[in-house]
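Trainee: Could we look at this model together? I would like to go through the contacts one at a time.
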2 protein chains.
Amino acid sequence: MSSAPVSTARIANPEFQARLMDAEAAASLIKPGAVVGMSGFTGAGYPKAVPLALARQMDEAREAGNPYAIKVWTGASTGPELDGALARAKGIDFRLPYNSDPLVREQINSGAVQYFDMHLSQVAPAAWQGFLGPLDVALVEVSAILPDGSVVPSSSVGNNKTWLDRADKIILEVNSWQHEALHGMHDIYYGTALPPHRKPIPLVTPSDRIGQATFRVDPSKVVGVVATDIPDRNAPFKAPDASALAIASHLLDFFQNEVRVGRLPASLLPVQSGVGNIANAVLLGLMDAPFEPMTAYTEVLQDGMLELLAAGKLSMASCTAFSLSPEAAERLNGEMALYRDRIILRPQEISNHPELVRRLGCLAMNGMIEADIYGNVNSTHMMGSRIQNGIGGSGDFARNAYISIFMAPSTAKGGAISTIVPQVSHVDHIDQDVQVIVTDQGLADLRGLSPKQRAEKVIANCVHPTFRDQLADYYARALRDSYGKHSPSLLKEALSWHQRFIETGSMLAK
Amino acid sequence: MSSAPVSTARIANPEFQARLMDAEAAASLIKPGAVVGMSGFTGAGYPKAVPLALARQMDEAREAGNPYAIKVWTGASTGPELDGALARAKGIDFRLPYNSDPLVREQINSGAVQYFDMHLSQVAPAAWQGFLGPLDVALVEVSAILPDGSVVPSSSVGNNKTWLDRADKIILEVNSWQHEALHGMHDIYYGTALPPHRKPIPLVTPSDRIGQATFRVDPSKVVGVVATDIPDRNAPFKAPDASALAIASHLLDFFQNEVRVGRLPASLLPVQSGVGNIANAVLLGLMDAPFEPMTAYTEVLQDGMLELLAAGKLSMASCTAFSLSPEAAERLNGEMALYRDRIILRPQEISNHPELVRRLGCLAMNGMIEADIYGNVNSTHMMGSRIQNGIGGSGDFARNAYISIFMAPSTAKGGAISTIVPQVSHVDHIDQDVQVIVTDQGLADLRGLSPKQRAEKVIANCVHPTFRDQLADYYARALRDSYGKHSPSLLKEALSWHQRFIETGSMLAK
């Protein structure tokens with residue numbers, strides 16, 4: 001994008017300086033068919049200059065009759081300069097482990113791109129395990145290369161340590177737009193191994209530092225170093241709407257009651273929160289709640305958490321990436337001294353590690369597409385077949401959380417879709433891993449209940465009134481006519497709400 | 001059952017001796033509506049005398065017009081003297097976390113019993129967390145009470161430590177049928193806590209001992225001690241049939257190839273195996289395989305593992321319970337000196353702990369009811385609504401395993417049911433947690449594949465020939481007509497195979 005000269009002052013080691021080149025030259029080192037491990041996690045810390053240059057090369061090659069696509073591994077989602085640009089160039093034929101780019105999504109759902117949707121904590125171990133095959137190139141944005149050759153991570157850590165260690169060749173984008181105070185905020189744990197050599201991970205509170213501030217990078221593998229100053233491109237902040245505020249209010253009441261009856265400490269337990277409108281509403285609700293000092297052990301740090309940190313309600317936050325609006329990113333960069341010691345960025349295999357999530361007892365709060373009356377949750381597939389983004393870290397947290405909470409407005413598409421359905425069209429979280437369901441209508445605490453007890457509570461508390469009678473009618477008939485009465489089900493109708501939406505544009509029966 | 005006088009020599013502490021009473025007197029201490037935490041895990045170490053006496057009291061009360069039911073928590077399944085007898089007396093109104101008794105199953109599926117189906121590793125933590133409510137009585141079989149008042153566990157550990165610590169009152173059955181050499185074979189870890197006080201669990205190999213050999217029991221909570229000598233009642237061993245042998249053969253070929261290409265060590269990684277015909281076939285197949293010395297980190301020790309231990313192919317096995325045929329139990333008891341130091345019995349929260357399963361890198365081998373073309377697995381529900389047993393520990397292992405394998409014959413009910421279906425009628429294991437599917441037809445290694453790549457492999461390798469064309473036809477039409485093409489699905493047909501079975505007795509289209 002930027003064609004002005006970019007500072008190379010952040011590249012302070014001669015061996016790395018010797019590999020300095022422009023983005024076009026670096027991109028040309030990535031060959032058709034290559035498997036490329038890229039940095040990037042929710043719009044933070046993804047490479048920008050080289051993917052743009054690569055997309056131009058792909059366009060030229062394709063126009064010359066030589067299709068040119070690669071396999072892309074990342075941390076999670078990235079930005080338009082990466083997924084968007086490569087997809088426009090028809091340059092991705094395989095993608096893992098998470099995507100939120102609209103064009104890539106369209107290509108996955110049209111069948112053009114093969115997508116492997118993974119638990120985010122398992123990507124790095126899987127890359128070592130070998131069944132994913134070799135990793136040809138690591139293309140990683142960093143914020144500085146120090147005189148001794150150690151490398152300061154950028155605004156996300158993701159799988160970068162693994163890509164750098166595992167790849168045959170390395171290309172680094174050194175981004176001087178990133179704040180130099182990032183140096184010291186990361187905690188890169190080098191204690192992982194493959195079994196039988198795995199050891200306990202020595203983290204017992206979210207604020208523990210168990211690693212080092214920088215990546216180790218073998219300079220002999222570095223084939224290109226590119227200087228950039230392109231900003232991260234995050235989604236703008238949307239003020240919570242009435243539905244999000246209602247969800248937040250139900251959830252805060254629930255937490256207050258859990259504290260009152262002695263099932264949660266007064267400062268809660270480490271919170272994990274997804275991103276978006278509802279997550280921010282919950283976090284903003286915590287601003288006025290009596291729980292403090294809280295901590296966060298989570299995947300991404302979003303606007304709401306920054307505010308909680310600034311107010312001292314949150315004493316610290318551990319994450320693998322920032323996921324800030326442009327305004328919040330500016331606020332962070334402008335007041336870095338305030339935040340610097342209260343934020344730790346870790347590899348995603350640590351931020352999401354089941355061992356740690358269970359040990360810390362995280363309160364997991366994630367969004368969903370739909371839930372069924374028995375508490376199964378669909379986080380990924382529209383109408384059972386169209387992928388939205390991916391499972392992300394929701395499974396890492398939900399299975400091991402102290403309390404696993406899923407939230408969504410009770411309807412979608414202007415009321416045409418009910419979030420609560422007879423049977424989810426795809427399962428990402430089985431009923432055992434879903435303890436609390438919250439919609440704007442209310443909250444259902446499903447802990448310790450049998451399927452039928454769960455169904456009664458979900459129908460009573462969570463369904464939008466437009467769909468309540470329709471769902472109660474289904475359930476009553478299922479109770480009467482089901483093959484088994486443990487989880488009553490009418491197989492002919494269980495997915496009929498989704499089919500009706502496909503055919504008529506609404507799940508509502510006429 | 002037995003009315004001959006039973007030895008009380010195993011009750012060597014005077015405080016416990018003072019509570020000695022017969023089973024009837026002990027049973028009368030369990031009041032209608034009580035929540036009772038019982039021992040028992042796959043037919044091993046469950047209380048026998050008191051439940052039988054309790055069932056008689058329930059019958060009498062019911063006949064007198066006073067319904068008398070309790071809530072039963074266990075380790076997992078038990079024996080006919082417990083679940084069977086209480087169910088015959090209509091004495092169970094709530095049950096967790098796993099059941100395999102036919103009559104209890106019938107009562108759950110008719111709607112008479114509320115059943116809460118849980119991950120077995122999560123039962124003990126949930127009992128402490130509080131949402132399950134108070135535990136009135138612990139009714140636990142043990143093998144001895146030592147002079148110092150410490151208590152030697154029986155042939156299963158399950159949740160007994162937690163029941164003993166958590167319950168208001170304790171009733172102990174001291175079973176002198178259990179071998180006295182059990183003393184020393186258990187490893188009871190007392191380091192668990194609720195967050196924020198959880199610490200790393202210091203186990204790094206299956207053979208590590210991290211706890212103590214006996215339970216601590218507060219004598220002031222003990223209201224009854226009953227002497228028994230009733231044997232454990234385990235299922236008889238069935239010799240593997242042709243289908244089980246074919247599955248074992250495909251799986252052993254897979255392991256050999258993984259070793260050959262360097263993705264598994266020559267002695268494999270700790271194996272976890274379910275119970276039954278197929279599991280035993282795989283274990284017996286390992287007798288002739290070149291992997292040694294193997295270890296096991298598993299839930300239950302079944303006949304096949306005992307044989308591997310005897311042959312020295314398995315250097316040790318860690319589990320939470322025995323699950324032996326009567327012949328194998330006799331063999332164990334007769335040659336205890338041979339096995340004593342090679343078997344460790346642990347609480348099920350440790351035997352199944354996700355932290356440990358992932359650290360050790362278990363090779364998880366579990367049975368299933370059905371799988372779909374995308375690799376989702378149903379372990380629990382027949383036709384989506386009838387519970388079979390429960391999820392047990394399969395989720396604990398599958399999610400965290402180094403390789404997660406699910407196995408079943410390609411058909412059931414004499415060929416009327418296809419194990420491979422367009423969409424499973426209930427999901428227990430999401431596609432992300434299912435890496436290898438094996439039927440008698442073949443093996444599908446699904447690691448690293450997109451949904452469509454998985455579907456092609458499952459259809460090619462695992463489906464019975466009778467159903468192959470029918471499934472290939474479904475998939476071809478789904479590819480063409482599905483709403484989304486990421487996980488192609490025809491919602492009107494996805495569950496039609498199950499509906500056809502309910503209506504016609506066969507999944508096969510005419």
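This is a predicted model: local features need pLDDT of at least 70, side-chain atom pairs count only at pLDDT 80 or more; totals for chains, interfaces and linings use all residues.

Trainee: Which elements of chain B touch chain A?
Mentor: Those that give two or more residues to that side include the helices α5 (102-109), α14 (354-360), α15 (394-400), α16 (451-461) and α18 of chain B. Strands are represented too, among them β4 (114-115) and β18 (381-382) of chain B. By residue type, the side of chain B that touches chain A divides into 34 nonpolar, 31 polar and 18 charged residues.

Trainee: And what area is buried between the two chains?
Mentor: About 7100 Å² is buried between chain B and chain A, and carbon and sulfur atoms give 56% of that area. On the chain B side, B:R358, B:Y483 and B:L491 lose the most area to chain A, together 12% of what that side buries. The contact takes 83 residues from chain B and 84 residues from chain A.

Trainee: Back to α18 of chain B. Which of its residues are buried?
Mentor: In this helix, residues 496-504, the buried ones are B:S496, B:W497, B:H498, B:Q499 and B:F501. Their cover includes the strands β16 (370-372), β22 (417-418) and β23 (420-421) and the helix α17 (465-481), which belong to chain B.

Trainee: What follows the helix α18 of chain B?
Mentor: B:G505 follows α18 of chain B, and the phi of B:G505 is positive, near 85°.

Trainee: Changing topic: how is chain A divided?
Mentor: Chain A has domain 1 (14-228) and domain 2 (242-466). Their C-alpha centres lie 27 Å apart. Domain 1 of chain A gives 48 residues to the contact and domain 2 of chain A gives 42.

Trainee: What area do these two domains bury between them?
Mentor: They bury about 3700 Å², with 58% of it on carbon and sulfur atoms. A:M185, A:I201 and A:P206 supply 19% of the area that domain 1 of chain A buries against domain 2 of chain A, more than any other three residues.

Trainee: How many salt bridges are counted between the domains?
Mentor: The count between domain 1 of chain A and domain 2 of chain A is 2 salt bridges. Elsewhere in the list of pairs, A:E349 forms a salt bridge with A:K161, with the closest N and O atoms 3.5 Å apart.

Key: Residues are numbered from 1 along each chain as its sequence is written. Chains are lettered from A and ligands numbered from 1 in the order in which they are written. Side-chain values use heavy atoms; hydrogens and water are left out. Domain bounds come from an automatic or database domain assignment. Contact means heavy atoms within 4.5 Å. Buried area is the accessible area (1.4 Å probe) that two parts lose on being put together, summed over both. A salt bridge is a side-chain nitrogen of Lys or Arg within 4 Å of a carboxyl oxygen of Asp or Glu. Buried means under 20% relative accessible area, exposed over 50%, partly exposed in between (1.4 Å probe, protein chains only). Helices (H or I, at least four residues) and strands (E, at least two) are DSSP runs, numbered from the N terminus. Ala, Val, Leu, Ile, Met, Phe, Trp, Tyr, Cys and Pro count as nonpolar, Asp, Glu, Lys and Arg as charged, and the others, Gly among them, as polar.
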